[in-house]
Amino acid sequence: MSVIEPIPGDLKSGAFLNRINRFVAKVLVDNKEELAHVPSSGRMHELLTPGAAVFLAPSRGAGRKTRYSLRLVCFRNTLVSIDSLLPNRLVKSAFAKGLLPEFAQYTRVRPESNYNHSRFDFFLGGYRESCFIEVKSVTLVENGIAMFPDAPSLRAVKHLKELKDARENGFNAAVIFVIQRDDGHCFIPNKERDEAFASALKQAVSAGVGISAYTCRVSLEEVELGSKVPVYI
């Protein structure tokens, strides 16, 4: 698809030890324990297990409390990107290049736009019906099935309800799930871990909210937006 986000240079390999809180983990690098920023609030219990192989970028900027930032996790020989902001950058580039056919009619893209009590990732204009877009980062894959969320998410449920409301009030609305690995062959809502999200997604789709999911090709050098995969709700 030629939508690529480079991985910061000078990656260091290491081993995950434990998570101190949502955004800080302890890792082993060059046989020394270090603190690393975790760029995602997702639980990722399946990925961030003691001893898991990880790849880290040196932290940049004054005042950083962690020496590294976690970028990639190797899970059963599959590289997984865990930067929750990276999918937004990929989608923004895809919009700019006109590589998402379902949104080709829009000529204006504005990041971060408010609607009611939510702030969505993108607002698309220049067409008869403007469109609100929410992008969700997916890291959980089981037996080739990508799932979101990996833990209950009141915020995600709220976003779906607001998108449904926007659709019912004359806007277009859509959710794009970006699977930050290449082994997800389809996508489903994770009903087992968040039944409220699965229900809200079904209601949103019934109201006309669009839904799509894309995989990513992940290497030590870059993450590339990959193929669109089927969505089952």
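Predicted model: local features only at pLDDT ≥ 70, side-chain atom pairs only at ≥ 80, totals over all residues.
Local features need pLDDT of at least 70 and side-chain atom pairs count only at pLDDT 80 or more, whereas totals for chains, interfaces and linings use all residues. Residues are numbered from 1 along each chain as its sequence is written, and side-chain values use heavy atoms, with hydrogens and water left out.

Helices (H or I, at least four residues) and strands (E, at least two) are DSSP runs numbered from the N terminus; two strands pair if DSSP finds at least two bridges between them. Strand E5 (residues 53-58) runs antiparallel to strand E2 (residues 12-21), to which 4 bridges join it. E5 is also joined by 6 bridges to strand E6 (residues 68-75), again in an antiparallel arrangement. Phe-55 in E5 stands opposite Ser-13, and Phe-55 also stands opposite Leu-72 in E6.

Pockets were located on a 1 Å grid over the protein atoms alone, as open sets of points where a 1.4 Å probe fits, with protein on both sides within 12 Å along at least five of seven lines; lining residues have an atom within 4 Å of a point. The largest pocket has a volume of about 890 Å³, the volume being the space filled by probe spheres set on the points, which are joined across faces, edges and corners. Its lining comprises 33 residues, and Ser-41, Ser-84, Lys-136, Phe-148 and Arg-155 lie nearest the centre. Strand E10 (131-138) is among the elements that each supply at least two lining residues, as are helix H1 (86-97) and helix H2 (154-168). The largest share, 5 residues, comes from E10. By class, the lining contains 15 nonpolar, 8 polar and 10 charged residues (nonpolar: Ala, Val, Leu, Ile, Met, Phe, Trp, Tyr, Cys and Pro; charged: Asp, Glu, Lys and Arg; polar: the others, Gly among them).

Ser-118, in strand E9, is buried, with a relative accessible area of 5% (buried, under 20%; exposed, over 50%; partly exposed, in between; 1.4 Å probe, protein chains only). Its side chain makes a polar contact with the side chain of Glu-162 at 3.4 Å (a pair of N or O atoms within 3.5 Å; within protein, one must be able to donate a hydrogen and the other to accept it, and residues adjacent in sequence count only if both atoms are side-chain atoms). Beyond neighbours within four places in sequence, Ser-118 is in contact (heavy atoms within 4.5 Å) with Ser-113, Lys-158, His-159 and Glu-162.

Arg-43 lies in the loop between strand E4 (32-37) and E5 and is partly exposed, with a relative accessible area of 46%. With neighbours within four places in sequence left aside, Arg-43 is in contact with Arg-19, Asp-150 and Ala-151. The C-alpha atoms of Arg-43 and Leu-140 are 9.9 Å apart, although the two residues are 97 residues apart in sequence.
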